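Reader: I am new to this structure and would like to learn how to read it with care. Could you take me through its features one by one?

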Amino acid sequence: MTKLADRLHIYKSKLFDLIHDDMSFNLQQTDHLQKWLRLIKECLGVEKAFLYKCTKSECFLQGSTEEQGNDGTLSRKIFELSFGDTPYFMMDCRDPHFHFFFQFRNDMEETYVLLIQHSDGQSFDEDCLSPFWKASDQFLTLSWNVQKVYEEERRYRELFKVTEFFHSNRDVQTLLVQIIETLGEVFPEDEFRLLLSNDRYDFGTLPIKSFDFEKANPFAMQAFVNGSIELDEDSQTLYAPLRGKQGIYGVLEVGTASHLLFNEQKIEFIKLLAYTAGSALENAKLYEQSKRLISDLQLINETSHQLNLKFRLSDTLQFLKKQIERSFQPSAIGFVLNEPNKSVILEQSSSLFFTKEGEQYISYVNERINEERDSIFLGDVSDRIGDPGYLSLMAVPMTQNEELIGFCVVLHHDPYMFSFDMYKLLQSFIHHSALAITNATLREELEHMVITDHMTKLFARHYLDEKMESAMKEDKEGTLLLIDIDDFKAVNDNYGHQIGDEVLIQTANLIKEVVGESGSAARWGGEEMAVYLPYVERDEGYAIAKAIVETVSCRTEPGVTLSCGLSSWVKGDESCPSSVKELVKKADEALYIAKNHGKNQVVEDLDSRLLIKP
């Protein structure tokens, strides 16, 4: 037996030991192959050994006996020219760096090439090449088969583990992160990306993106539309749909290095993981949807309850505005109520709607709602409103007893910021608030009728009494004017009661015009009227009274004159009236003097003395 044959015998023996010791395969395949290459060097006395895995055009280094091997890639043409039609080994090497090439194939049609450089004076004879290749081929075949079983076991163990996790978790974001992590564990050399439809989660640096239907890769679009696995062989990218029972929620994109091809086992595993993830994602979305629905129902119930507790229209609208802001995070909210022959933008609306830009939105919504009597849901209004600063729009009409009483409009700067669920929730808000708004409006109208004189539209006497009672408790001073139309009976007798009513209305309007925001005017009874001026001292009150008398005498038709009695109070001044009853009594006494001393004048009460100013 030659020396080389002895070494080959030792090589085969140690191959058996290597198989026996390491087939537990706690080692990765690359580590196992590295041990095999070192065994070749040790047993056969070769200088260097390199193992390459070949694709159609290139070969990639899988392991070597050198700490710093040669280049990581080689052209496959080198091997094709060297092997030609010969079997799996050769001696006449054309590459000056290597002396022997051995070719191996596994059952997945993957080709590996072993390159050997022998030391000076050391060579293989032809009789040893065949036994060496056969022993090595048997070892690699067994290694690949065991590695295949091990990899499949590891993958499906990961799949089982992640499936357990999927079934125990209902958080969409957590599920998607777990998918990425699982793929990274099973295929550490690949790149992954999740393309999701209709999701607005913030995933930071994770490879999760929204599915762009306009710019999507044709293979990704095919996978999404057909729900099938698609492979782009040119870029070596696989697209697997995240499919549930009710639909497809996105696409898993897997890119691999050119030397790590997609085999059937890998494709099947990715398919199972994607389908499992799709079902889990669907369940999580349904769970979130049910939670959201319950939350919306609770919110609607709370809103309805609170709206029914509000008595003022302003309180009702303010509460509704807060609920809309909390639920939709809009950029602007507008409330519009219909009045005879006009629409009124309520003060609780955002400031935008009191500008020309806001008027565009109000005009567009008002026209559509009055025409269609239906809600509006637009993701982008740029084709309907010129140069819009707010692109997302929702608008819902307020109806009561089939009558359109107004509408609510909600805007956002960015397009497509409102989901359909938000739109339905807004409809529920407005539907439940319409009755509350109607009731609040009717309640305020009724309150106004109770405190207002029907003919003159001045306050009623009891309302002014209440205001004066409150003022004398809380304020420091005030002035009361009692006013009577002179010779009003003659107006009725000469012109009739209808003209008399018109004179009352003219007088009331002129008094309100002169008094403005300084005080409150009321019809005291018959042709008598009263004005209370809070925080107004006597001299200022006298000037206002004088202006009223002069204005009425000049601007009524038929012309009438007024007599006015003035009384004032100052807190802490014992000489002034200390109660409403006393204040009214002194003003009435002053009015009596004015009526009996020439009329068409103002008489004031001063230090318990009634004075007539010239």
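Reader: What share of the 614 residues in the protein is buried?

Author: A residue counts as buried under 20% relative accessible area, as exposed over 50%, and as partly exposed in between, with a 1.4 Å probe and protein chains only. Buried residues make up 47% of the 614 residues in this protein. This is a predicted model, in which local features need pLDDT of at least 70 and side-chain atom pairs count only at pLDDT 80 or more, while totals for chains, interfaces and linings use all residues. Residues are numbered from 1 along each chain as its sequence is written, and side-chain values use heavy atoms, with hydrogens and water left out.

Reader: How many helices and strands does the protein have?

Author: Helices (H or I, at least four residues) and strands (E, at least two) are DSSP runs, numbered from the N terminus. The protein comes to 15 helices and 22 strands.

Reader: How should I read the span of helix 14?

Author: The expected span of a helix is 1.5 Å times one less than its number of residues. Helix 14 (residues 538–555) has 18 residues and should therefore span 26 Å, which agrees with the 26 Å between its end C-alpha atoms. Its buried residues are Arg538, Gly541, Tyr542, Ile544, Ala545, Ile548, Val549, Thr551 and Val552.

Reader: And how do I read two helices that pack together?

Author: Two packed helices are described by the angle between their axes and the distance between the axes. Axes are lines fitted to C-alpha atoms, for helices over the stretch in contact, and angles run from 0 to 180 degrees between N-to-C directions. The axes of helix 12 (residues 488–495) and helix 13 (residues 497–515) come within 7 Å and cross at roughly 140 degrees. Angles under 35 degrees count as roughly parallel, over 145 as roughly antiparallel, 65 to 115 as roughly perpendicular and the rest as oblique, and these two helices are therefore oblique to each other. In their contact (heavy atoms within 4.5 Å), helix 12 contributes Phe488, Val491, Asn492 and Tyr495, and helix 13 contributes His497, Ile499, Gly500, Val503 and Leu504.

Reader: Is Asn492 buried or exposed, and which residues does it touch?

Author: Asn492, which lies in helix 12, counts as buried because its relative accessibility is 15%. Leaving aside residues up to four places away in sequence, Asn492 touches His497 and Gly500.

Reader: How many disulfides does the structure hold?

Author: A disulfide is a pair of cysteine sulfur atoms within 2.5 Å, and the structure holds 0 disulfides. Cys408 is buried at 0% relative accessibility, and Cys576 is buried with a relative accessible area of 12%.
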